[in-house]
Amino acid sequence: MPGGRLTQQDRQRIAAGLADGLSYREIARRLDRPTSTITREIARNGGPGGYRPQQAHQATVRRARRGTPAPPRAATPPGGTLEQETIEMAVRAGMPRTAARVHHDLMLSKDGRRTAAELARTLNVSPAAVSVAVNYLIQQGYARRERDPQHRRDIYVIDNDAWYHSILISRRQTLETVRATMAAAETFGLDSPVGQRLAKTAAFLERVSLDMIESADRWRTLLT
């Protein structure tokens, strides 16, 4: 029942939700529980990367038998951890969830480097999911791939210059849209209402794109 103690099945659903990259708020909604309950449950049992439903259930049973409270934990922002909220912001901006989790993990790693195996283990996702996620990040300029010839494996890297390269890629994509929009405007006729509207859209996007790269070039030194 909502508001009662979490069952073993509840904990299995929590683990499944974490594996799928759901926010604490969404997991709580699906279980019809307060978000604070889910946040507390995950924080006291290994966190989002180390939560195991069976161990969590057994630990709760042991605490109940001893009659002792759970170990003290750090305060957590309402609605989930800072990590979850950061990932949610990236998802709302259009980044696929697993790619957002991979990007966040790379950003917080000490040297900004991870192998596919490390990412899969840390995020508790399949190697195939990691492959799709890093390919997206590389295509968008958020990360790059390096080859480790000694161990014959790929290493995925994020550094300060990644943000600059992501802007370059975004600019190129915008200019492709500009060309396509202008071609459509010419097809409809530049004197027609549709053609004029499309031409104005193309001009706007082109100017914004040029301003963006000029600004990126001007402030790139902040990344070095």
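Author: Let's start with how elements are named: helices (H or I, at least four residues) and strands (E, at least two) are DSSP runs, numbered from the N terminus. Residues are numbered from 1 along each chain as its sequence is written. The model is predicted, so local features need pLDDT of at least 70 and side-chain atom pairs count only at pLDDT 80 or more, while totals for chains, interfaces and linings use all residues; side-chain values use heavy atoms, with hydrogens and water left out.

Reader: What pattern does the chain follow, read along the sequence?

Author: The order is α-α-α-α-α-α-α-β-α-α-β-β-α-α, with 11 helices and 3 strands in the chain.

Reader: How should I read burial, and what percentage of the 224 residues is buried?

Author: Buried means under 20% relative accessible area, exposed over 50%, and partly exposed in between (1.4 Å probe, protein chains only). In this chain, buried residues make up 35% of the 224 residues.

Reader: Which residues does proline 48 contact, leaving aside neighbours within four places in sequence?

Author: Contact means heavy atoms within 4.5 Å. Proline 48 is found in helix H4 (residues 47-50) and, with those neighbours left aside, is in contact with Leu18, Tyr24, Ile42, Glu83 and Gln84. Glutamate 83 is 35 residues from proline 48 in sequence, yet their C-alpha atoms are 9.3 Å apart. For the whole chain, 55% of the contacts between residues at least 6 apart in sequence join residues at least 24 apart.

Reader: How do I check the length of helix H10?

Author: The expected span of a helix is 1.5 Å times one less than its number of residues. The 28 residues of H10 (residues 161-188) should span 40 Å, and the end C-alpha atoms are 41 Å apart, which agrees. After H10 comes glycine 189, with a positive phi near 100°.

Reader: What do the buried residues of H10 pack against?

Author: They pack against helix H9 (127-139) and helix H11 (193-219). Ser166 and Ile169 are among the buried residues of H10. Both are also contacted by glutamine 140, as is Gln173; glutamine 140 lies in the loop between H9 and strand E2 (144-148).

Reader: Which residues of the largest nonpolar core touch the most other members?

Author: In soluble globular proteins, nonpolar side chains tend to be buried together. A nonpolar core is a set of buried Ala, Val, Leu, Ile, Met, Phe, Trp, Tyr and Cys residues joined through side-chain atoms within 4.5 Å. Here the largest has 18 residues, of which Val102, Leu119, Val130, Val134 and Leu137 touch the most other members. Helices H7, H8 (116-123) and H9 each supply at least two of its residues. A second, separate core of 13 residues includes Ile14, Ala15, Tyr24 and Ile38.

Reader: Finally, what volume does the second largest pocket have?

Author: On a 1 Å grid over the protein atoms alone, a pocket is an open set of points where a 1.4 Å probe fits, with protein on both sides within 12 Å along at least five of seven lines; lining residues have an atom within 4 Å of a point. The second largest pocket has a volume of about 210 Å³. Of its 14 lining residues, Thr86, Ala90, Met95, His103 and Trp163 are the closest to the centre. Helix H7 (97-108) gives the most to the lining, with 4 residues.

Terms used: Points joined across faces, edges and corners; volume = space filled by probe spheres on them.
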